[in-house]
Structure formats: structure tokens, C-alpha cells
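Please walk through this structure with me, one feature at a time. Keep the sequence and the model side by side.

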Amino acid sequence: QVQLVESGGDLVQSGGSLRLSCIASGSLPSFESMGWFRQTPGKQRESVAWVGRDGGTFYADFAKGRFTIAKASTEARTTLYLQMNNLKVEDTAVYYCNARQLFTDTPYWGQGTQVTVSS
């Protein structure tokens, strides 16, 4: 069983920074990609950034230049990070960690962590 647990969400002022973490544990399969999504009430969940198995990264336009995704793996677990700088009010959302299993494309989701940016 795969578990994804996010942490690091908080209330921060506009212009501030946060680092989100996602720990993937359990019987980990090989992942094709891991990434971050976010969602606000009444809106669809949107992709923020992801990192592929080969280390390649993708960023949504709103994240480019402000957010950095990184991944660290050990035998026991994999940790995914999202460093967010120069946060804006519109970055307020619940941020979700996602992982997609290699070959099957099975998605795994964390429970989400709330990021609130005040003006």
C-alpha cells in the first residue's frame, strides 16, 4: 500500500516563502512521475509542477521562476518537495501530492495541505 503524506502548508504573507513536503512510503512501486497539484473551492484541480522518472521537470506558467520541485529517495521512502517563493494571494489553495505508477499509470494522492497567502 502506498501512502503520500503532505506537510508544510501554512498561513503566510504575500511575498513570503513556504516549503511543502510529501513523504511517499509503504510498498512503493516505481513511479513514472511525482508532482504537485492545487485546488481552490469551485475550481478544478490544476497541475503545479512535476518531476519525471528521468529527472525532467515541468512547471505551470504561474509557477515558473517562483516554485522549485525536488525529489529525494532512499530505500525506505521518497520525499517530494515544493519550494514556493514570492507567494501571491492567488496561490492560496489546498496543495496535493501526486504520484503515477510506472507502466500502469495508477495515480496516488495525498490528503492535501492548506496554503493561505494573505495580502
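A disulfide is counted here when two cysteine sulfur atoms lie within 2.5 Å. A search of the whole structure finds one disulfide. The model is predicted, so local features need pLDDT of at least 70 and side-chain atom pairs count only at pLDDT 80 or more, while totals for chains, interfaces and linings use all residues. Residues are numbered from 1 along each chain as its sequence is written, and side-chain values use heavy atoms, with hydrogens and water left out.

Which residues form the disulfide? They are Cys22 and Cys97, with sulfur atoms 2.1 Å apart. The link is left-handed, with -80° about the S-S bond. Cys22 lies in strand 3 and Cys97 in strand 9, so the bond ties together parts that are 75 residues apart in sequence. Strands (E, at least two residues) and helices (H or I, at least four) are DSSP runs, numbered from the N terminus. Are the two cysteines buried or exposed? Cys22 is buried, at 0% relative accessibility. Cys97 is buried too, with a relative accessible area of 0%. Buried means under 20% relative accessible area, exposed over 50%, and partly exposed in between (1.4 Å probe, protein chains only).

Four strands make an open sheet in the order 1-3-8-7, with antiparallel pairing. Strand 1 (2-7) and strand 7 (67-73) stand at the edges with a single partner strand each, so one side of each has no neighbour in the sheet. Two strands pair if DSSP finds at least two bridges between them. Strands of a sheet pair through backbone hydrogen bonds, either parallel or antiparallel. Strand 1 and strand 3 (residues 18-26) pair in the antiparallel sense over six bridges.

Stay with strand 3. Ser21 is located there, and Ser21 is the bridge partner of Ser7. Ser21 counts as buried, at 14% relative accessibility. Leaving out residues up to four places away in sequence, Ser21 touches Val5, Glu6, Ser7, Trp36, Leu80 and Tyr81. Contact means heavy atoms within 4.5 Å.

Now look at the rings. Rings of Phe, Tyr and Trp (its six-membered ring) pair if their centres lie within 6.5 Å; planes under 30 degrees apart count as stacked, over 60 as edge-to-face and the rest as tilted. The whole structure holds five aromatic pairs. In one of them, the ring centres of Phe31 and Tyr108 are 6.1 Å apart and the planes stand at 65°, so this pair is edge-to-face. Phe31 is in strand 4 (residues 31-39) and Tyr108 in strand 10, 77 residues apart. Both Phe31 and Tyr108 are buried. Phe37 and Trp109 also form an edge-to-face pair, 5.0 Å centre to centre with 70° between the planes. Phe37 lies in strand 4 and Trp109 in strand 10, so the pair ties together parts that are 72 residues apart in sequence. Phe37 is buried at 18% relative accessibility, whereas Trp109 is partly exposed at 35%. Ring pairs link Phe37, Tyr96 and Trp109 into a cluster.

Last, two loop residues. Most residues other than glycine have a negative phi. Asn86 has a positive phi, near 50°. Asn86 sits in the loop between strand 8 (78-84) and strand 9 (93-101). Asp105 has a positive phi of about 60°, and lies in the loop between strand 9 and strand 10 (107-109).
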